[in-house]
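Reader: I have the sequence and the model open side by side, and I would like to go through them with you. Could you keep to what can be read from the coordinates?
Author: Gladly; here they are.

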Amino acid sequence: MNKIILFALLLPVMGIAQEPLDKESGYFQLGVRNVMSTFSEDGANGFGMGGQFRIRVLSRVNTDWYADFITTDIGGLAKREDLHIGWSVLTYPFNYHTTKGKITPYILAGHCFDYSKVTSNKDGFYLDELSSAVQLGLGAHYNITDRTDISLTAQYMMHMGKDIHADIEQHDGERDLHIEKTQVRGIEGHMLINLSLNVRLFDM
C-alpha cells in the first residue's frame, strides 16, 4: 500500500525533463474555488468553498496550495463538515503555455490534512477526527487572459488512518442514524471536484 501511495505522488513528475526557466515559470497566482465532494461512503454529496495559491516552479511543473471547507447533509439526520488543507504538484505533459484562449491540461498528485466532524441533528452528538489523505487526478486551465484562468479539477482522495462514517438504518419504519469511526482500508476515499478562478499577481 505504501508503495502505491508513493508511486501516486511521484507519477506527475516522472519522465518530465527539467525545463529552462522562462516566462512560464517563477510566478505566483491567487485564486478562489467552489468544491463538490462525491462518491463518499455515506452516499451524500458535499458542497463548499475554498482558496488557493500557486507557485510555478518550472515551465511544466506547478504547485497548488489550498484550503477547503465542505458541508454535507446526510439524509436530513446529520451534518458532516470537512476542512482540507493541502498541496498538489501539477505537471503539464502537453501544452504548458498560459496563452489567452488556450486550454492547458494537467496531471496532479499531492497530500492534504483533513479535519472531519459529523453531528447528529437530533441530539447534537458528534464525532470528529483529524487524518490525512493523498490525491491523484486530472484537470485543465482555460486561459481567459495571459494572466487569468479558470481551472476544473477532478481528484480522488485516498484517506489514511481513520475516518467517520454515518449510516442511516431503517427500524419499524423509522430512520436511525449510526455514527462511528472506522479504519480506512485499501483505496477508500471520495472524489473531489473543484472549479477555480486564478489570477497571476507577480513574478518571483
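Reader: How many of the 14 residues of strand β4 are buried?
Author: In strand β4 (residues 78-91), 10 of the 14 residues are buried, so the strand is largely enclosed by the rest of the structure. Buried means under 20% relative accessible area, exposed over 50%, and partly exposed in between, with a 1.4 Å probe and protein chains only. Strands (E, at least two residues) and helices (H or I, at least four) are DSSP runs, numbered from the N terminus. This is a predicted model, in which local features need pLDDT of at least 70 and side-chain atom pairs count only at pLDDT 80 or more, while totals for chains, interfaces and linings use all residues. Residues are numbered from 1 along each chain as its sequence is written, and side-chain values use heavy atoms, with hydrogens and water left out.

Reader: Which strands is β4 joined to?
Author: Strand β3 (residues 61-74) is joined to β4 by 14 bridges, and the two run antiparallel; β4 also runs antiparallel to strand β5 (residues 103-120), again with 14 bridges. Two strands pair if DSSP finds at least two bridges between them. As landmarks, Val 61 stands opposite Thr 91 in β4, and Gly 86 has Cys 112 in β5 as its bridge partner.

Reader: What about the hairpin of β3 and β4, which residue takes a positive phi there?
Author: That is Gly 75, with a phi near 60°, in a hairpin that has 3 residues between the strands.

Reader: Changing topic, how many cavities are there of 30 Å³ or more?
Author: The count comes to 3. On a 1 Å grid over the protein atoms alone, a cavity is a set of points where a 1.4 Å probe fits but cannot get out, whereas a pocket is an open set with protein on both sides within 12 Å along at least five of seven lines, and lining residues have an atom within 4 Å of a point. The second largest cavity has a volume of about 60 Å³, and β3, β4, β5 and β7 are the elements that give two or more residues to its lining. Among the lining residues are Asp 64, Tyr 66, Ser 88 and Leu 90.

Reader: And what lines the largest pocket?
Author: Its lining consists of Leu 77, Ser 120, Lys 122, Asp 123, Phe 125, Arg 175, Asp 176, Leu 177 and Ile 179, around a volume of about 160 Å³, where a volume is the space filled by probe spheres set on grid points joined across faces, edges and corners. Strand β9 (residues 174-183) gives the largest share, 4 residues.

Reader: Staying with β9, is Thr 182 buried or exposed?
Author: Thr 182, which is in strand β9, counts as buried because its relative accessibility is 19%. Leaving aside neighbours within four places in sequence, Thr 182 is in contact (heavy atoms within 4.5 Å) with Gly 161, Lys 162, Asp 163 and His 165.

Reader: Where does Thr 145 lie?
Author: Thr 145 lies in the loop between β6 (126-143) and β7 (148-160), and counts as partly exposed because its relative accessibility is 32%. A polar atom of the Thr 145 side chain lies 3.1 Å from the backbone nitrogen of Arg 147, and the backbone nitrogen of Thr 148 lies 3.0 Å from a polar atom of that side chain.

Key
Polar contact = N/O pair within 3.5 Å; in protein donor to acceptor, adjacent residues only side chain to side chain.
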